[in-house]
Amino acid sequence: MMKLRIGHLSTMYHTSFILMGTDWLEKAGIEPEWKLFGGGPAIVHALENNELDIGYIGLPPTMIGIDGGLDVRCIAGGHVEGTVMIATPEFRTLEECGYDKRNFLEQFKGHLIACPPSGSIHDVIIRNYIKEAGFENDIDVLNYEWADMIPEAIADGEIKVAVGTPSLAVVAKRYCDTKMVIPPEKLWPDNPSYGIVATCVMIENSPDTLLKFIKLHENACEFIRENTKEASKLVSDTIEIIDADFVKEMYEVSPKYSAGISENYIGSTMRFVDVLNELGYISKKLEQKDIFDLRFVEELEL
């Protein structure tokens, strides 16, 4: 058995929860050691400390790590368009504002927008969205180290608007009476909400293990796409604190799951380079070869 140290998040639409709930990895000769983190930047920190071999992570925090000298590459996709914006009922949706970004954001002047950790993909997307509309001096973003704390802040009346994952959207809708005010495809089309990132040491020393993992990761993506009801029950049984209907609703918020790395996935990722540089998160312009290693998805024809 080959031991594989895997960093993951509480994000339920990641294939981590499918792989945890099955014996697929073990049957492939992989002994997984799962480690839970509060956000992508914490996984980057663990990779820097040689505590992980691979991680489930959004591409912007990965790029911030690479800019700082972290020797990792994205070796597979996972999902695109995983950031949504939610708010309490009194606010209008982007659609109700005629898709006018300034008109839409005007209603949030003086409010804090809750968001997962600084440097996470959600953080970068919303800060860029605010900056493009010219409201960076009028609307503040409040980062939470653990995104799971955001619904509680909404329920307590501390927060009225937030950005985060489809999971957040479903939790907040169920328990805090919020609604989606910007769907994922309207915030940043094709954004790489997460991919599989591996250390370059792992890529060079254990390519066969990574190839097996990515193949099973794609099988899990396909399971979510093709057998959503069964996948929902499996994840519900694995986590134990949520029901299958919750998971199914979450999957349906943004149903674009694939281990492949498409041209759109790469193109959207590279758009983040300028944004991260402008926001001060990275110091130089990264190139595609600095971020991606496509050998595995090409071999698997994903």
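Strand 5 (residues 84-87) runs antiparallel to strand 8, and the two pair over four bridges; pairing here takes at least two DSSP bridges, and strands are DSSP E runs of at least two residues, numbered from the N terminus. In that pairing, Val-84 sits opposite Gly-164 of strand 8. Keep in mind that this is a predicted model, where local features need pLDDT of at least 70, side-chain atom pairs count only at pLDDT 80 or more, and totals for chains, interfaces and linings use all residues. Residues are numbered from 1 along each chain as its sequence is written, and side-chain values use heavy atoms, with hydrogens and water left out.

Strand 8 has another partner: strand 6 (residues 112-115) pairs with strand 8 in the parallel sense over two bridges. There, Ala-114 stands opposite Ala-162.

So what about the faces? In a regular strand the side chains alternate between the two faces of the sheet. In strand 8 (residues 161-164), Val-161 and Val-163 on one side and Ala-162 and Gly-164 on the other are all buried, meaning under 20% relative accessible area with a 1.4 Å probe, protein chains only.

The largest pocket has a volume of about 630 Å³, counted as the space filled by probe spheres set on grid points joined across faces, edges and corners. A pocket is an open set of points on a 1 Å grid over the protein atoms alone, where a 1.4 Å probe fits, with protein on both sides within 12 Å along at least five of seven lines; lining residues have an atom within 4 Å of a point. Its lining has 34 residues, with Ser-10, Thr-11, Asp-148, Thr-165 and Ser-167 nearest the centre. Helix 8 gives the most to that lining, with four residues.

Note on methods
Buried means under 20% relative accessible area, exposed over 50%, partly exposed in between (1.4 Å probe, protein chains only).
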